[in-house]
Amino acid sequence: QSSWQLFQPMIGVEPGGGGWAPRAARRQAAAVCLLGAHPPPPGATPIMGWNNCQLDCGPVLPDDALVRETALRLKSSGLAAAGYRHLNLDDAWMGRRAASGGPQPNATRFPDWEATVGFVRAQGLELGLYTASGDKTCSGRPGSCRHEAIDAEQFVRWGIAHVKDDACSYCRDPQKKGAAADYAAMADGLR
């Protein structure tokens with residue numbers, strides 16, 4: 001079974017704001033989103049597209065081949081023309097931090113990051129990335145805590161259209177994951 005087949009039932013907007021509903025419920029809700037049963041009001045179109053964690057964030061880690069295959073399928077299926085233009089890489093795209101402290105993709109799975117990003121754009125799509133407001137992502141990779149400015153600067157340099165800032169660990173407030181100050185720091189960096 002190809003990675004595309006694993007994720008195919010979940011193309012579309014993740015219903016319920018990212019909740020972890022049972023797989024069958026998520027598939028049904030995604031089908032509703034795809035069929036346009038609840039079209040958004042004019043001018044209020046949400047970010048629509050594909051996210052590698054829509055099915056499960058587990059067995060298939062994102063890599064260059066998955067990104068390219070997904071970009072081609074979004075375009076060839078007509079989904080991109082229908083507004084599903086965002087290809088979002090959730091947790092697990094990142095490797096270690098660069099010597100400069102900035103984020104860098106997993107070099108094994110993305111040996112030529114600039115080419116991967118360029119390919120997505122060449123299909124008329126926009127790339128989104130995941131980070132976490134704490135010191136670690138949900139899968140234990142480096143989070144953006146106290147690196148917000150350098151991370152945001154790198155995301156802008158790469159031309160990232162959407163950043164998902166998750167709350168998986170602590171940063172400024174040891175009592176609260178996803179404290180407002182943590183999100184504000186990333187938002188300020190992206191402005």
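Buried here means under 20% relative accessible area, and exposed means over 50%. The close-up views below all come from a predicted model.

View 1. Four strands make up an open sheet in the order 1-2-3-4, and their pairing is parallel. Strand 1 (49–51) and strand 4 are the edge strands, each of which pairs on one side only. On average, and with direction ignored, neighbouring strands of this sheet are turned by 20 degrees against each other. Strand 1 and strand 2 run parallel and are joined by three bridges, with N51 having N88 in strand 2 as its bridge partner. Further along the sheet, L89 stands opposite L129 in strand 3, and T131 has D165 in strand 4 as its bridge partner.

**View 2. Helices and crossovers on the sheet.** A right-handed β-α-β unit is made by strand 2, helix 4 and strand 3, and a right-handed β-α-β unit is likewise made by strand 3, helix 5 and strand 4.

**View 3. M186 in helix 6 and the residues around it.** M186 has its place in helix 6, and with a relative accessibility of 3% this residue counts as buried, because buried means under 20%. Leaving aside residues up to four places away in sequence, M186 touches T131, S144, E148, D151, A152, F155 and D165. Two of these contacts, T131 and D165, are also bridge partners of each other, D165 belonging to strand 4. Between M186 and A132 the C-alpha to C-alpha distance is 9.8 Å, although the two residues are 54 apart in sequence.

**View 4. The disulfide of C138 and C168.** A search of the whole structure finds two disulfides, and one of them is formed by C138 and C168, whose sulfur atoms are 1.6 Å apart. Distant parts of the chain are linked by this pair, with C138 in the loop between strand 3 (126–132) and helix 5 (148–158) and C168, 30 residues away, in the loop between strand 4 (162–166) and helix 6 (180–190). The link of C138 and C168 is left-handed, with -50 degrees about the S-S bond. C138 is exposed, its relative accessible area being 53%, whereas C168, at 15% relative accessibility, counts as buried.

**View 5. The disulfide of C145 and C171.** C145 is joined to C171 by a disulfide, with an S to S distance of 2.0 Å. C145 lies in the loop between strand 3 and helix 5, and C171 lies in the loop between strand 4 and helix 6, so this pair ties together parts that are 26 residues apart in sequence. The link of C145 and C171 is right-handed, with 80 degrees about the S-S bond, and both of these cysteines are buried.

View 6. The position of A92 is in the loop between strand 2 (86–89) and helix 4 (113–122), where A92 counts as buried at 4% relative accessibility. R146, also a residue other than glycine, has a positive phi near 60 degrees. R146 is found in the loop between strand 3 and helix 5, and at 55% relative accessibility R146 counts as exposed, because exposed means over 50%.

Note on methods: Residues numbered from 1 in each chain as written. Predicted model: local features only at pLDDT ≥ 70, side-chain atom pairs only at ≥ 80, totals over all residues. Heavy atoms only, no water. Disulfide = S-S within 2.5 Å. Helix = DSSP H or I, 4+ residues; strand = E, 2+ residues; numbered from the N terminus. Buried < 20%, exposed > 50% of the residue type's maximum accessible area, 1.4 Å probe, protein only. Contact = heavy atoms within 4.5 Å. Pairing = 2+ DSSP bridges. Axes fitted to C-alpha atoms, helices over the stretch in contact; angles between N-to-C directions. Right-handed = clockwise from strand over helix to strand, strands pointing away.
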